[in-house]
Amino acid sequence: MNYFELFGLEAEFSLDLNELSSAYQALQKTVHPDRFAHSSSQEQLLSVQKSAEINDAFNLLKQPITRGEYILKLRGTELASEQQTLQDVDFLMEQMELHEMLGDIKHASDVDAALFAAQETLDVQSQHLWQQFEQLLTDDNQQNNHKAAELLRKLKFYKKLQIELERIEDALFDD
Amino acid sequence: MALLQIAEPGQSTVPHQHRLAAGIDLGTTNSLVASVKSGLAETLLDTDEQDILPSIVSYQADGVLVGQRAKQFAITDPENTIVSVKRLIGRSLADITSKYPTLPYKFCGDQQHPSLDTRRGEINPVQVSAEILSTLVARATSALGGELEGVVITVPAYFDDAQRQSTKDAATLAGVTVLRLLNEPTAAAVAYGLDSKQEGVIAVYDLGGGTFDISILRLTQGVFEVLATGGDSALGGDDFDNALVAHLLAQANLSRPLSSTMERQVLNQACAAKETLSAAPSATVNLTLEDGNEYVGTINRTTFDGLIKALIAKTLRSCRRSIKDAGVSVSDICEVVMVGGSTRIPLVRSEVSQYFNRQALTSIDPDKVVAIGAAIQADVLAGNKPDSDLLLLDVIPLSLGLETMGGLVEKVISRNTTIPVAKAQEFTTFKDGQTAMAIHVLQGERELVDDCRSLARFELRGIPPMTAGAAHIRVTFKVDADGLLSVSAMEKSSGVESSIEVKPSFGLDEDDIIKMLKDSMTNAKEDMAARMLKEQQVEAARVYENVGAAIAADGDKLLTTDELSAINESLENLLTTSQTSEIAKIEKAIEQVDKITAAFAERRMDASIRTALAGHSVDEV
């Protein structure tokens, strides 16, 4: 049973998060260890295992990157490992510029405006990649899936930039 | 002792049998016990009609005193009177002395397992907590009129693994079954949420005597889903006291080091002044100095506010981070619940209300709300509310990881992951022919090992010699519903599997606990044996009852005739064996039933998942 089936959902990228969430809650209401607090240790163990599996599945499906990765995996396309370098030189150059943009925030005269602008830039660019990604997934063939996997790798770079941006924001507020 | 009664399969669970259970708020300053009586959760009173038990234990020559009776010795006999033991539990000596340099106790034991040297010998923090728990359990047993099925004990959401494990050890030592360790803010949310049938995102701001927690939860149809939690397990009302103590010392021209009696006196006066200032604009302070002279001073609220403002700001920074972790914004939060005695301070209330842009909720007594929530959860866990919708989905507060080359931490489970959770990660060898691997388990958010909390170290041995990087070591982290971690490691490439469980580097190991249990009993051997026998018999009764109920419910659908008769045979055996007093045989009979019903249990779980989904889709249409 794959994770989509576990929640009674179609294996589609654009799933309804509310539906996922309510299926998740219905399942946890059945298997959660709290339902087995006065059961035998065997049932308790089984419940912990099932509950953990459902948590894992929910966590994976609710985030776009891991959900996309999982769909590609179900289609037989694995993402190249992180160590393997991305060949797209233009993209890597852009990434370096974006890193510099984040690094410059704390020196900006208007820090709030710089934070806001940086967030906007990351959002617009990653949104663009997501659209391409969804488009590619609509037709399940090997070539498309490989392209989609490549896009997902790029989106992981944006995810890292997002984390970096939040770290910068935290540091600015904590001072 | 009387034999336990066991019903026939199928007629096992008596429908309206009420199982006794209680919720315990094991606080830094005060502890409480509550229970659900005729549908209502309320705190239980002691013989003096008090529900609050000061978390103070005094080791006197003629006995161990707990609570109010111990409090009187706090000033006169500070070395033997342990106050705020929650700040010490599950911590190393270095941790304790750096954070609380002026504690009046004589520490002994080793770095990892600090104890306190009292006139009744070496006492460790787990034992002190066990005394408080025993007192509360005894109160509940007499108030409810029977032995408890178990208790829910609350812990700060931000407690790490060692602190949680130590709290559970204290319960073991006190001889009470822990149904669940429940996070304090979650307990408070339950107390409020069930009351108001609220739906939406709520924030729980919990500032107690020694800890600060912030939790962001989403409430939907009885499900309390914790989205994020944060805080500081060493920030609370005690720090307000300390800030006030420093101020008073300066005012009274006193300088440290002071005698431990003097330290306690100043602290008590500071604490009293703080409480007065919650209701009055100024408070008077009286000190009897070492030379016999009296010092009288006053402090007004503005001065006090100035002393604590930075501490409150620190809590609001944690709030901001948790709101972000939860993926919501301040405007999404529809309710803010205040918990803990320190939220009585007017400046705390006003700053929090201002930050969240809404009046904070204080309608349930902030001292009692956690115990009440725990009692509601205990009632459900004991099985008294089979149709209840209540479900708590909690998270781990701090990331868990492993040490890798170069003193770096590789995260295996990140903070705010919903529990229970199991995650595995693969590692490999660094050198050719390496046959052992040191596994170092850490908790915390930082990248360097030295900045994280060391939880455990163990070694995986017997790896077949291979070239560097060829071995596949699979390390599995499991966190149960109590938030407790177990780690195992296994070498899998060669097909040779060896695995090992974690030994805690802090707190106590199993042998310590058994030894202390023995020490605490007068007729050690017989009592231990009797207790172990009783535990096995209870488990046997539970297995017998559960399997019987399972057969009655699903036996005809999910079992073949052969399977059914095999199960029945093992149950017969269990029933006969459990009436003897042979612990090992009972244990074996339970194992046998477990083994023979394993497939049945799985089938039932899968069937219930299908039913849940089916019911769910019907709801959707």
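**A note on chains A and B**

Pro420(B) sits in the loop between strand E21 (408-413) and strand E22 (421-427) of chain B; helices (H or I, at least four residues) and strands (E, at least two) are DSSP runs, numbered from the N terminus. This is a predicted model, where local features need pLDDT of at least 70 and side-chain atom pairs count only at pLDDT 80 or more, while totals for chains, interfaces and linings use all residues. Residues are numbered from 1 along each chain as its sequence is written, chains are lettered from A and ligands numbered from 1 in the order in which they are written, and side-chain values use heavy atoms, with hydrogens and water left out.

1. Let's start with the peptide bonds. Ile419(B) and Pro420(B) are joined by a cis peptide bond, with omega about 0 degrees. Another cis bond runs from Arg256(B) to Pro257(B), with omega near 5 degrees; Pro257(B) is found in the loop between H7 and helix H8 (260-277) of chain B. Most residues other than glycine have a negative phi, and most peptide bonds are trans.

2. Asn253(B) is in that loop between H7 and H8 too. Its phi is near 60 degrees, a positive value in a residue other than glycine. Asn253(B) is exposed, at a relative accessible area of 71% (buried means under 20% relative accessible area, exposed over 50%, partly exposed in between, with a 1.4 Å probe and protein chains only).

3. Asn357(B) also has a positive phi, about 65 degrees, although it is not a glycine. You'll find Asn357(B) in the loop between H10 and helix H11 (369-381) of chain B, and it counts as exposed because its relative accessible area is 67%.

4. Over in helix H10 (residues 346-356) of chain B is Ser353(B), which counts as buried at 12% relative accessibility. Neighbours within four places in sequence aside, Ser353(B) is in contact (heavy atoms within 4.5 Å) with Arg358(B), Gln359(B) and Ala360(B). Val336(B) is 17 residues from Ser353(B) in sequence, and their C-alphas are 8.1 Å apart.

5. Now for helix H7 of chain B, residues 237-251. Its 15 residues reach 21 Å from first C-alpha to last, close to the 21 Å expected at 1.5 Å a residue (the expected span is 1.5 Å times one less than the number of residues). H7(B) is mostly covered, with 11 of its 15 residues buried, including Phe240(B), Leu244(B) and His247(B).

6. Helix H5 (residues 161-173) of chain B has 13 residues and spans 18 Å, close to the 18 Å expected. Among the buried ones are Asp161(B), Thr167(B) and Leu173(B).

7. How do the chains meet? In all, 44 residues of chain A are in contact with 49 residues of chain B. The area buried between them is about 3,800 Å², with carbon and sulfur atoms giving 53%; buried area is the accessible area (1.4 Å probe) that two parts lose on being put together, summed over both. Asp34(A), His38(A) and Gln42(A) supply 17% of the area that chain A buries against chain B, more than any other three residues.
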